[in-house]
Amino acid sequence: MSKSLGNVIDPLDVIAGVTLQKRDFPEGIPECGTDALRFALCAYTAQGRDINLDVARVLGYRHFCNKVWNGARFVLRALGDGYRPSPDTQGGSPGSLAERWVRSRLSRAVRGCGAALEAYDFPGATTAVHSFWVYDLCDVYLVQGHRGD
């Protein structure tokens, strides 16, 4: 995007949405939110200084942020207000097969995210977080556990 060419999208329009971008966005720019824009910008940092911002990708990260919010609410509601981890869990109890699997995936995501952040590889960090949350935690662990499988 270039200010001199006039093809700059105001970040506030991406955050709050706007209906006045008729030439490039006939349907307008949907509201994406601050967290989605921040996550997208971290994911885009590998492109260098000039970013070819895809509003659809930012909107996808809005859906991701919504999934994080809903997943966290689901877990907190399922655990209840007075939840305290059992001493067995804190001591490294093996747990069920599903629990061991999700902990191994979390461990892999933490290692991947940590290594990426140490290398200033923000796209790698966002990929590790996104992949764990969407594909491992929500799509497999929470869905399977919720169905009782």
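## Salt bridges, aromatic rings and helix faces

By the rule that a salt bridge is a side-chain nitrogen of Lys or Arg within 4 Å of a carboxyl oxygen of Asp or Glu, the count comes to 4 salt bridges. The structure is a predicted model, in which local features need pLDDT of at least 70 and side-chain atom pairs count only at pLDDT 80 or more, while totals for chains, interfaces and linings use all residues. Residues are numbered from 1 along each chain as its sequence is written, and side-chain values use heavy atoms, with hydrogens and water left out.

Three of these contacts are set out here, among them one within a single helix; helices (H or I, at least four residues) and strands (E, at least two) are DSSP runs, numbered from the N terminus.

| Salt bridge | Closest N to O |
|---|---|
| D35 and R38 | 3.4 Å |
| D136 and R105 | 3.3 Å |

D136 lies in helix α6 and R105 in helix α5, so this pair ties together parts that are 31 residues apart in sequence. Salt bridges that share partners also join R105, R108 and D136 into one network. Accessibility is described in three classes: buried means under 20% relative accessible area, exposed over 50%, and partly exposed in between, with a 1.4 Å probe and protein chains only. D136 counts as buried because its relative accessibility is 7%, whereas R105 is partly exposed, with a relative accessible area of 24%.

D35 and R38, by contrast, both lie in helix α2, 3 residues apart, which is about one turn of the helix. An α-helix has 3.6 residues a turn, so residues three or four places apart point the same way. The face of α2 turned away from its buried side carries the exposed residues D35 and R38. The buried residues of α2 are A36, L37, F39, A40, A43 and Y44. Seen down the axis of α2, these buried residues fall within an arc of 165° (the arc of the directions from the helix axis to the C-beta atoms), so they line one face of the helix.

Aromatic rings of Phe, Tyr and Trp (its six-membered ring) pair if their centres lie within 6.5 Å, and planes under 30 degrees apart count as stacked, over 60 as edge-to-face and the rest as tilted; by this rule the count comes to 3 aromatic pairs. F39 and F64 form a tilted pair, with 5.1 Å centre to centre and 45° between the planes. This pair links distant parts of the chain, with F39 in helix α2 (residues 34-44) and F64 in helix α3 (residues 55-79), 25 residues apart. Both F39 and F64 are buried, and F39, Y61 and F64 form one aromatic cluster.

Helix α5 (residues 97-118) has 22 residues and reaches 32 Å from its first C-alpha to its last, close to the 32 Å expected at 1.5 Å a residue, where the expected span is 1.5 Å times one less than the number of residues. Its buried residues are V102, A109, C113 and A116. Seen down the axis of α5, they fall within an arc of 60°, so they line one face of the helix.
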